[in-house]
Structure formats: structure tokens, C-alpha cells
Amino acid sequence: MPKVNDGTCHIVGLDLGQVADPSALCILERSPLPGDAWKFQCRRLRRWPLGTTYPVIVNDVLEVMQLPTLIDPVLAVDQTGVGRPVVDLLRLQVECCFRAVTITAGFRWTQQPNGDYHVPKKDLVGCLQSLMGHRYLHVAASLPDAKTLVEEMQKF
């Protein structure tokens, strides 16, 4: 995988859907700005149709993680709800930095002894609002499902 010395990397986020909401994947490119700030550019979006099996999603994610354009990728998977079995499958097969995240109603994030993270939803919402408010997060309108993503982030 290509390396860039300026701190640029790719964050691949996987949200596993259940019966009513689809599973979705987002690739963000994180690049440094002057000072201590970062900009995030959404490079790829994917939503699987409702009913797509988790083994199909795992195989698709493993293919994405092999893209030669990814720079120091981190795969972050929401293991809240149905996600834990999928996390187990991915953890065994990915060869990059891997983060399993459980979204909680708590007051602070914690790292568990096994390396997983518990993150309060309020922290995720606050971070997203800050990035959007400062225009540090860009989603190209030309991406499939970009409009849906932006609408969901605004409601989030």
C-alpha cells in the first residue's frame, strides 16, 4: 500500500445494517491542514441492498481493503447490535489497522482490554458537527448516495 509522509491516510468506516437500514461503507481521506487541523474528503460510498448477507459484505470489504490507492488504511467497524460476529470475521482477515467500535450512551470513550473502543454517541455527533461546521468534511455530490449521506449526517 502506498505511503505518504505528510500524515495522509484513509479511514474506512463500516456500519452494519439490520432489517430496516442498509449496511454502508465510507472511505475518508484524512489530510493535514496548517496547525493541528485535518480535512476529511469522502472518496467512496457504498450501500448494500437490504437483505445482503454478512458473508457477502465481509468479502466486499476485504476487496476494498486491498485497493492499491489506500494509504495506511484503518478499518473501523461499528459492532453495536449485530456487528460483533462480522467484526470477528474481519478481525481474522484484514491486514491493516483495525478498530471495532461500540456506540454507547455513556459519557466518555474507553478502550477495552481487547483493544476495542466504546464511544458515546454524543461524542460522535459532536465531532461530526464540528467537522461540518468548520467545513473540514467534504462529500462530493457526484458520489452515489452522497445526498442520502449528507441528509443522514444533518439529522444525526
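## Sheet and packed helices

In this predicted model, Val12 has Leu75 of strand E4 as its bridge partner. Strand E1, residues 9-15, and strand E4, residues 74-78, run parallel and are joined by 5 bridges. Helix H1, residues 54-64, packs on the sheet and touches E1, E2, E3 and E4. The direction of H1 makes about 25° with that of E2. Helix H2, residues 83-93, also packs on the sheet, where it touches E1, E4 and strand E5 (97-104). Between the directions of H2 and E5 the angle is about 170°.

The sheet as a whole is open and has 8 strands, with mixed pairing. Their order is E6-E7-E5-E4-E1-E2-E3-E8. E6 (110-111) and E8 are the edge strands; each has a single partner strand, so one side of each has no neighbour in the sheet.

## Helix H3

Helix H3 covers residues 121-133. With 13 residues at 1.5 Å a residue, H3 should span 18 Å, and this agrees with the 18 Å between its end C-alpha atoms.

Which residues of H3 are buried? Val125, Leu128 and Leu131 are buried in H3. They lie on the same side of the helix, because the arc they cover around the axis is only 130°. An α-helix has 3.6 residues a turn, so residues three or four places apart point the same way. Gln129 and Gly133, on the other side of H3, are exposed. The cover over the buried residues of H3 includes strand E3 (38-47), strand E8 (137-139) and helix H4 (146-155). Just after H3, Arg135 has a positive phi of about 60°.

## Salt bridges

Side chains of opposite charge can pair when their charged atoms come close. The whole structure holds 4 salt bridges. One of them joins Glu29 and Arg43, whose closest N and O atoms are 3.2 Å apart. Glu29 is in strand E2 and Arg43 in strand E3, so this pair ties together parts 14 residues apart in sequence. Glu29 counts as buried because its relative accessible area, 17%, is under 20%. Arg43, at 42%, is partly exposed.

Arg46 and Asp60 also form a salt bridge, at 3.1 Å from N to O. This pair links distant parts of the chain, with Arg46 in strand E3 and Asp60 in helix H1, 14 residues apart. Arg46 is partly exposed at 34% relative accessible area, whereas Asp60 is buried at 15%.

Another salt bridge is between Lys122 and Asp123, with the closest N and O atoms 3.1 Å apart. Lys122 is partly exposed at 47% relative accessibility, and Asp123 is partly exposed at 29%.

Definitions and conventions. Residues numbered from 1 in each chain as written. Predicted model: local features only at pLDDT ≥ 70, side-chain atom pairs only at ≥ 80, totals over all residues. Heavy atoms only, no water. Helix = DSSP H or I, 4+ residues; strand = E, 2+ residues; numbered from the N terminus. Expected span 1.5 Å × (residues − 1). Buried < 20%, exposed > 50% of the residue type's maximum accessible area, 1.4 Å probe, protein only. Arc of directions from axis to C-beta. Contact = heavy atoms within 4.5 Å. Pairing = 2+ DSSP bridges. Axes fitted to C-alpha atoms, helices over the stretch in contact; angles between N-to-C directions. Salt bridge = Lys/Arg side-chain N within 4 Å of Asp/Glu carboxyl O.
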